[in-house]
Structures are given as C-alpha cells and as structure tokens.
Amino acid sequence: MIADKEKILAEWDFSTVPSPCYVLHTALLQENMQVIDKVRHSTKAEIILALKANAMWSIFPVLRRHSDGATASSLAEARLVFEEYGSKAHTYAPVYSEDEIDEILGYSSHITFNSLNQYRRFGERALRRGVSCGLRVNPEYSTVETELYNPCDRGSRLGVLSEDLAELPAGIEGLHFHSLCESRPVDLRNTLAEVEKRFGHMFGQIKWLNMGGGHLMTHKDYDEDELIEILNDFGNRYPHLRLILEPGSAFTWDTGCLVATVEDKVCNGGVNTMLLNVSFACHMPDCLEMPYKPAILGAHDSLPGEKRWRMGGNSCLAGDFQGDWSFDKEPDVGDRIVFRDMIHYTMVKTTMFNGVTHPSIGIYDNDKGFELVRKFGYEDYKNRM
C-alpha cells in the first residue's frame, strides 16, 4: 500500500480542477486493486464489486480486471452491470416487483431472495431462466454499532431467521448473509461462527455462500492476511462451496476527493464558519447519517487554543455543516477545500435538494493529468422533476 496517501494528494495542484468536483486518483485506485487481487489469488473466494458503494462506470474497465463480477441491488444497477461491466449480476434486493422481475432476471446470473414469500412468488420463473437462486439469511449477529447500518436484529426486514427456515426449499442453491460495515477480519470470523451455528446444517445442500459486503480490506489498518486465513480455513472445511464476497467501499476506499471552494467566512455567536460551494446533506450524506467527520487536506483536529473552523454546506438545511477543523494555513475566500476519501457512498447517494450545483466527476492520472468525466447542470435537475 502507498505509505502516505495524503502526501500523494498534497503534491497535486487542485487549482487545475473545477469546483465542485469529485476526483478519483488512478494511482490510489491501483493500490487498492493490488490488495483485492492478493485476496483473490490467495484464496478460492470470488471478490465481486457492490455497485451500491460506487457506480462510477468510467472506471469499470479497471475494476473488472481486478474482480470476479459485480453485484446489484436494483433493476438499474443490474442493467448497468450487464451493459457496462460486461457480465450478468449477482442480484439481491429486499423486494422484487412484478413489473421489474423479468428484466432483472435477464441481467442476472444469481438472484438472492429476501424472504420465502418472494422465492415462492418468483423462484420458479428464475429457475426456468437458468438463474441460480439463493436466500438471504439473518445470523442475528452484527458488530455494526450504527443502528441505521445494522441489518441483523431480530426484527430486521432483511433476511430469513433460522427458526423460520426448517428446511431449504427445492431449487435454492445458495445462502447469502450481510452483517458487516467497514469491518475487520475478526468481525467476519465471529459472524461466520454464528452463521454456521444457525445455518451450517444446510451447507451440504447448497453450492455457494455469499458473505455480503463490508470487508474493508483496503483500509490501512486492515489485516488482509488474516482475512485470507479465515477464507482458506472455511473453504477447506467446506470445499464444495463457492465463497463470494461483495465489498463496496474497499474497491475505492481513499482513492480520491471532493474539491470545494470557500465562498464566504462568517463568525456568529463565536462560531467560525467557512461557507462552501458543496453540501454535506446533498453531496456527502454519510457524514450526517453515520455520522463521521471527513478528513480535509491541510487541516487537523483542533488543539486547545487553536482557531476552529466549521465547514458549512450551501443548502438551506440548518444542519448542513460539520466541524471543527484547524488549518496549517487558513484558507481565504476563493481557496480550495479538499475533502479526502469521497469516492465511495457519495456519488451514488447524492441529491439535488435545493437545486444546488451538483459536483462534476473527474479522474486524475499522473501521466495523463485531469480528465473531466461528467458535468451536471440545470437540465439534470429539471429532468428529475
């Protein structure tokens, strides 16, 4: 892995980048691909991309060289996988509807049903089309602390409880669980123990086990060797099973940024705020949902006695702000603010609330320089209405 990703970004002249703009750095992406490939080549597990974290299809040619396919959670994602990733999708959605299921099946090699009712309704149709069918199960165990992202309490709408699955329905070839979120190998190890305890007696009847996403193997503190050990140990105990992991964030973790501009500076009630041309609510929603405080290039957590600055978004939502930060060199109006790690769970979750200008999308390559991939304007906003 690159020892200092911040140094890579700090050496880059952001004045050449339009603002606001999401920018992916190809050198950082390649570092992540090396880790993904290490896990793929050291185990028999298949690593597939979860589009829900990043659907930037301009980089699909790179991602598909370093993955075993992609997973979709909707008709639109399944179609994008088929048309731009060049393969059929592993598809899971909490619910399928009559007016979409046939098209979804046409774009899917595997489909996971969230409930026995959904399998009874659409399973035979999937089997006739040669699509491998699975069931999502709830292991009733998760180490995810943020309730919004924890799918495994007993009342969750996601997955079948073991007590309701006395036997596998005919035609089911796989089981699928998802309980992780930006997690470490120990979390998978403990989850697998719970899955085996509740559903292990069915492993002899299935062909594949999908371990879902949340495997943040490209994080600097993640031990991918431990993950490899876990997967190989599990694979040796169940050699007939195809093991599938579908990370999302791991593919594009810390591979780029959101470039913004300081448009105003105010001090109200003793609180210093920089007003930006981006919005946390519209363009960085996970910062408010998770919540978490993003890293800013050239800034740090405030120490006692340092001047503190809050970052304010440009929507009219009162809570559209984050903070506080202190800067090595305080930005002036017109200067760039560079939010790090803004490629996953940003573009796929943005809104056009208030009609605020939507960030462009770009790619930076050390050899080719900056390439503008997409610019958004009034027609994009209007056509959503």
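The second largest pocket of this predicted model holds about 630 Å³ of space. Its lining is made up of 25 residues, and those closest to its centre are Ala55, Trp57, Ile361, Arg374 and Phe376. Helix 4 and strand 18 (369-374) each give at least two residues to this lining. Helix 4 makes the largest share, with five residues. Sorted by class, the lining of this pocket has twelve nonpolar, five polar and eight charged residues.

Helix 4 leads on to the sheet. This helix, residues 75-85, lies across strand 3, strand 4 (70-72) and strand 5. Its direction makes about 150° with that of strand 4. The sheet itself is open and has nine strands, in the order 2-10-9-8-7-6-5-4-3, with parallel pairing. Strand 2 (46-47) and strand 3 (49-50) are at the edges and have a single partner strand each, so one side of each has no neighbour in the sheet.

Within this sheet, strand 5 and strand 6 run parallel and are joined by four bridges. Histidine 90 has histidine 110, in strand 6, as its bridge partner. Another helix packs on the sheet: helix 8 (residues 224-237) touches strand 9 and strand 10 (242-245). The angle between the directions of helix 8 and strand 10 is about 150°.

The largest cavity has a volume of about 50 Å³. Which residues line the largest cavity? They are Thr71, His90, Thr91, Tyr92, His110, Ile111, Thr112, His176, Trp208, Asn210 and Glu246. The elements that supply two or more residues to this lining are strand 5 (89-92), strand 6 (108-113) and strand 9 (208-210). His90 and His110, the bridge partners described above, are both among the lining residues. By class, the lining of the largest cavity has three nonpolar residues, seven polar residues and one charged residue.

The model has ten aromatic pairs by the rule used here. In one of them, the ring centres of tyrosine 96 and phenylalanine 113 are 5.7 Å apart and the ring planes stand at 80°, so the pair is edge-to-face. Planes over 60 degrees apart count as edge-to-face. Tyrosine 96 is in the loop between strand 5 and helix 5 (98-106), whereas phenylalanine 113 is in strand 6. The two residues are 17 residues apart, and the pair links distant parts of the chain.

Strand 12 (residues 271-276) pairs with strand 14 in the parallel sense over three bridges. Here leucine 275 has glycine 312, in strand 14, as its bridge partner. Strand 14 (residues 309-312) is also joined to strand 15 by three bridges, and these two strands run antiparallel. Glycine 312 stands opposite phenylalanine 321 in strand 15. Glycine 312 therefore has a place in both pairings, since two strands pair if at least two bridges are found between them, with leucine 275 as its partner in one and phenylalanine 321 in the other. Strand 15 (residues 321-327) has a further antiparallel pairing, with strand 13 (residues 299-300), over two bridges. In that pairing alanine 299 stands opposite phenylalanine 327.

Some points of the backbone remain. Where are the cis peptide bonds described here? One runs from serine 19 to proline 20, with omega near 0°. Proline 20 is in the loop between helix 1 (5-10) and strand 1 (21-25). Another runs from methionine 290 to proline 291, with omega near -20°. Proline 291 is in the loop between helix 11 (286-289) and strand 13.

Two residues other than glycine have a positive phi. Phi of glutamate 140 is near 55°, and this residue is in the loop between strand 7 (132-136) and strand 8 (172-176). Asparagine 354 has a phi of about 70°. The place of asparagine 354 is in the loop between strand 16 (336-340) and strand 17 (360-365).

Note on methods. Residues are numbered from 1 along each chain as its sequence is written. This is a predicted model: local features need pLDDT of at least 70, side-chain atom pairs count only at pLDDT 80 or more; totals for chains, interfaces and linings use all residues. Side-chain values use heavy atoms; hydrogens and water are left out. On a 1 Å grid over the protein atoms alone, a cavity is a set of points where a 1.4 Å probe fits but cannot get out, and a pocket is an open set with protein on both sides within 12 Å along at least five of seven lines; lining residues have an atom within 4 Å of a point. Grid points are joined across faces, edges and corners, and a volume is the space filled by probe spheres set on the points. Ala, Val, Leu, Ile, Met, Phe, Trp, Tyr, Cys and Pro count as nonpolar, Asp, Glu, Lys and Arg as charged, and the others, Gly among them, as polar. Contact means heavy atoms within 4.5 Å. Axes are lines fitted to C-alpha atoms, for helices over the stretch in contact, and angles run from 0 to 180 degrees between N-to-C directions. Rings of Phe, Tyr and Trp (its six-membered ring) pair if their centres lie within 6.5 Å; planes under 30 degrees apart count as stacked, over 60 as edge-to-face and the rest as tilted.
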